[in-house]
Amino acid sequence: MEELKKSLKMPLFGNTFSPKKTPPRKSASLSSLHTLDRSTREIELGLEYGPPMMNIGGQSWKFDDGQWITESGGNASGRELQRLKKRNVQLEEENNLLKLKIELLLDMLTETTVEYHLMEKEVEDIKTQHRRKK
C-alpha cells in the first residue's frame, strides 16, 4: 500500500498546496468624477439628476414615489390609468361628501328625537297635573 502511495505522488506540486498570493486590486472606480470639485460635477452631471428611468421591451419606465410607472407616450393604457386615477379622486370626494351628509342627517335625527321625547314628557306632565286637579 505504501508503494502505491509513493508511486502516486506528484513531484510537480509537492506535498502541500500553496497558491500564489493575488496582487492587490487597482482603484475600485476608474471614473475621475470623484476627483472633480462640486461645481465641475454639477456641470458634468447637471443640477437635476431626475428620477431613475429604464427602457424594457419598448416601454419606458420611471421610478416615482416609490413605484415604477410607465411613461410610454401615446399608450392607451397610460391614458386609461390617468383617467382611472382622476375618476378615483372624484369618487373619493363624493364619498367624503356623502359621509358628511349622513353625519349631518344623524345629528338632525338625534335632535328631533330629543325634542320629541321632551314634548312627550311635557304632555305626560300636563296629563298628570290635570288628573290631580279633578
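Residues are numbered from 1 along each chain as its sequence is written, and side-chain values use heavy atoms, with hydrogens and water left out. Since the model is predicted, local features need pLDDT of at least 70 and side-chain atom pairs count only at pLDDT 80 or more, while totals for chains, interfaces and linings use all residues.

E103 also belongs to a surface patch of negative charge, together with D107, E111 and E115. A patch takes residues with over 30% relative accessible area and no salt bridge, and joins like charges within 9 Å. Accessible area is found by the Shrake-Rupley method with a 1.4 Å probe, and a salt bridge is a side-chain nitrogen of Lys or Arg within 4 Å of a carboxyl oxygen of Asp or Glu.

Now for the sheet. Three strands make up an open sheet in the order β1-β2-β3, paired antiparallel. β1 (53-56) and β3 (67-70) are the edge strands, each pairing on one side only. Pairing calls for at least two DSSP bridges between two strands.

Strand β2 (residues 59-64) is joined to β1 by four bridges. Here N55 has S60 as its bridge partner, and M54 stands opposite W61. The hairpin of β1 and β2 has two residues between the strands, and its G57 takes a positive phi near 60°.

Four bridges also join β2 to β3. W61 turns up again on this side, with T70 of β3 as its bridge partner, while K62 stands opposite I69. In the hairpin of β2 and β3, D65 takes a positive phi near 55°.

Technical notes:
Patch = residues over 30% accessible without salt bridge, like charges linked within 9 Å, V, L, I, M, F, W, Y side chains within 5 Å. Lys, Arg positive; Asp, Glu negative; His and termini not counted. Charge placed at Lys NZ, Arg CZ, Asp CG, Glu CD.
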